[in-house]
Amino acid sequence: MRAGSGTLATPDDARTWWEWSMKPEKGEQRRLLVVDDEPTIVSLLSASLRFVGFEVRTAATGAQALAVAAEFKPELLVLDVMLPDCDGFEVVRRLRAGGAHVPVLFLTARDGVQDKITGLTVGGDDYVTKPFSLEEVVARIRAVLRRTYTGAAAPTDDTTLRFADLELDEETHDVRRAGKLVRLSPTEFKLLHYLLVNADRVVSKAQILDHVWRYDFGGDARIVESYISLLRRKVDTVDPPLIHTLRGFGYSLRLPRS
């Protein structure tokens, strides 16, 4: 089933697959806020999300989204970029300024690279372009929620992230691999931190540039390759290697795949 720009289609031969892929997952009752000014999309998307077990509230404007978010305390926003009063990027900026760090899945007809970079810059977690499939949106929502609330590199206490035998203390900035202290520069530390909080997920050079350097140096992607190489020399000195390159896609901190 696909939705977007007010047009919908439900092929009969896809119905069985849709019903299977949209089955509720065990314990799936998190609060979602869907923000879009197209009533058909809001109705279809919110009904589908309720069907799989989410608690859903909706809004049609940026102002409504901010008001509902303050009262409802959503655990994820599905947020259209093009709203009648202010764009979705501004909604996220205002939420972040108010101390709300709820994860965001942007939903939009825009497909430009700059729009995607802007979404990531303001704190978006993922990006789906209209027309979209409901199955894809549900899958991406579940993935963001898993990364946010049950990620493999979740904090083991107030300040420490762990993955395999790698530890990073956010307060003291100590990094250890297999119990041995690893000395990193501030930029290397920020890069490793970003890889850790996205463990088992592929992150692109553009995402790394945004979250680690914030384009202060001009946005040359070659610096990412250089720092990944430096980081490998310090972190992957023992087996198994944890920092992996996926050609054409980006980088991932994960255990080797057999």
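Predicted model: local features only at pLDDT ≥ 70, side-chain atom pairs only at ≥ 80, totals over all residues.
Visitor: What is omega for the peptide bond from D239 to P240?
Guide: This bond is cis. Its omega is near 0°.

Visitor: Which residue does a cis peptide bond join to K130?
Guide: Omega here is about -5°.

Visitor: Is A164 buried or exposed?
Guide: A164 sits in the loop between β9 (160-163) and β10 (166-169), and its phi is near 55°, a positive value in a residue other than glycine. Buried means under 20% relative accessible area, exposed over 50%, and partly exposed in between (1.4 Å probe, protein chains only). A164 has 54%, so it's exposed.

Visitor: What is the relative accessibility of A178?
Guide: You'll find A178 in the loop between β11 (175-177) and β12 (180-182). Phi of A178 is positive, near 55°, and this residue isn't glycine. A178 counts as exposed because its relative accessibility is 52%.

Visitor: Which strand is largely enclosed by the rest of the structure?
Guide: Check the strand at residues 104-108: five of its five residues are buried. On one side there are V104, F106 and T108, on the other L105 and L107, and these are all buried. That's why the strand to pick is β6.

Visitor: How many bridges join β6 to strand β7?
Guide: Two strands pair if DSSP finds at least two bridges between them. β6 and β7 (residues 126-129) run parallel, and T108 has T129 as its bridge partner in β7. The number of bridges joining them is four.

Visitor: Which helix goes with β5 and β6 in a β-α-β unit?
Guide: β5 (residues 76-80) and β6 run parallel, joined by four bridges. The unit is right-handed: with the strands pointing away from the viewer, the path from the first strand over the helix to the second runs clockwise. The helix, at residues 88-97, is α4.

Visitor: What is the bridge partner of D80 in β6?
Guide: D80 lies in strand β5 and counts as buried, because its relative accessibility is 2%. It touches V35, D36, D37, G88, L107, T108 and K130 (heavy atoms within 4.5 Å), not counting residues up to four places away in sequence. UniProt, in an unreviewed entry, places "modified residue: 4-aspartylphosphate" at D80; its positions use the numbering here, feature names are shortened, and annotations may be inferred rather than shown by experiment. As for β6, D80's bridge partner is L107.

Visitor: How far apart in space are V104 and V92, C-alpha to C-alpha?
Guide: V104 is buried, with a relative accessible area of 0%. Beyond four places in sequence, V92 is one of the residues V104 touches, along with L77, L79, R96, G124, D125 and D126. V104 and V92 are 12 residues apart in sequence, and their C-alpha distance is 8.0 Å.

Visitor: What is the mean pLDDT of the protein chain?
Guide: 76% of the residues reach 70 or more. Over residues 5-21, though, pLDDT stays under 50, and over residues 151-157 it is below 50. The mean for the chain is 80.

How values were computed: Residues numbered from 1 in each chain as written. Heavy atoms only, no water. Helix = DSSP H or I, 4+ residues; strand = E, 2+ residues; numbered from the N terminus. pLDDT = per-residue confidence, 0-100.
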